[in-house]
Amino acid sequence: MYISDCNYHRPKSVAETIEVLNSSDNAAILAGGTDILVEIKKGIRQHSDLVSLSDVSELKIISEDKNNVYIGTAMTHNEVIKSDVICKFLSCLSQACSKIGSEQVRNMATIGGNICTAASCCDTAPVLLAYNASIEIVGKGGKRTIPLKDFFVFNKKTTLKQGEIVTKIIVPKPAKGTGVHYEKFGLREAMSISVVSVAVNITVENNSILNSCVVIGAVAPTPRISKNATDLLNGSNLSDLKEGSEILEKIGQAASNDSIPIDDIRGGAQYRRDILTTLTQRAILSAIKNIK
Ligand SMILES: Cc1cc2nc3c(=O)[nH]c(=O)nc-3n(C[C@H](O)[C@H](O)[C@H](O)COP(=O)(O)OP(=O)(O)OC[C@H]3O[C@@H](n4cnc5c(N)ncnc54)[C@H](O)[C@@H]3O)c2cc1C
């Protein structure tokens, strides 16, 4: 199957990308192409203009300052995995990227493409939400920064407007005493799309959970923060959070209650709820082990 005829653009900067995007009302950004080209070939979408990010070097930088890590959206998953800054401050993101597709997919596909596709089963969003990430969006009218949690509207729907581009992901550096973990459940070891996923971020002080975030993926139209699981986890005593403990089981159940899964070929709704209950508990115990 071939893609239909379209104009191919290779701008050299974000400013030029925005200019090209706004010169047509049916232009789309092409990053690694692992989602968009598949959809074009399947006839799910059509574009008169494809605007490649391959020459936009400003989007291929990972940097840090005192408080944050900044990830250019055209960084591929393999570049994120190998980044020293990511390994040092956001090692859970590196682990999530390493669970995506195959080596070939990770060499092409970008972190920006992963969040902009906005599939509820995508692997980077739960971890970025758990890290309380924001994104910078640039368009004709200028720049805005929004919390990532406000970006996702529905499965494959975001608040991004035609002619805009997501330029960077801004992630606060975790505080001392923080542990983060991502659990992905798929139907096979490799090349597996999440059937259920959970990311947990906890910060501990004096043996109790000062702050936490439990994010559930592939069990609702968007990756979402489980408010009830997070509320139960906040203030819990570390010594109570043991395998099989009442509070841990309650938190797992709360995450499951916050889900609205669908039945599809990868799993039924009740199956996803049951997996989510267990996966949440496992992610919490692993996040505790990861505390630095
Ligand atoms: C075989 C295979 C296996 C896969 N396995 C997984 C998996 O395990 N986990 C997973 O999460 N995903 C998986 N995917 C999906 C896909 O690889 C990822 O979502 C990937 O990160 C998409 O990135 P991309 O650069 O290829 O995006 P593209 O396909 O280039 O773009 C995707 C969408 O985002 C838009 N876009 C891209 N960058 C920007 C930007 N900077 N600003 C605004 N809009 C932008 C595009 O216009 C398009 O709408 C798989 C795909 C394939 C083909």
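**View 1. Lys156 and Glu39 form a salt bridge in this predicted model.** The closest N and O atoms of Lys156 and Glu39 sit 2.9 Å apart. A salt bridge here is a side-chain nitrogen of Lys or Arg within 4 Å of a carboxyl oxygen of Asp or Glu. Between domain 1 and domain 2 the count is one salt bridge. Being a prediction, the model needs pLDDT of at least 70 for local features and 80 or more for side-chain atom pairs, while totals for chains, interfaces and linings use all residues. Residues are numbered from 1 along each chain as its sequence is written, and side-chain values use heavy atoms, with hydrogens and water left out.

**View 2. Here are the domains themselves.** The domain assignment (automatic or from a database) gives domain 1 (7-52), domain 2 (60-172) and domain 3 (180-289). Taken over C-alpha atoms, the centres of domain 1 and domain 2 are 19 Å apart.

**View 3. Next up is where domain 1 meets domain 2.** In contact (heavy atoms within 4.5 Å) are 15 residues of domain 1 and 15 residues of domain 2. The two domains bury about 1100 Å² between them, 62% of it on carbon and sulfur atoms. That buried area is the accessible area (1.4 Å probe) that two parts lose on being put together, summed over both.

**View 4. Helix H1 (14-21) and strand S2 (27-30) each give two or more residues to the side of domain 1 that touches domain 2.** H1 gives the most, with four residues. Helices (H or I, at least four residues) and strands (E, at least two) are DSSP runs, numbered from the N terminus.
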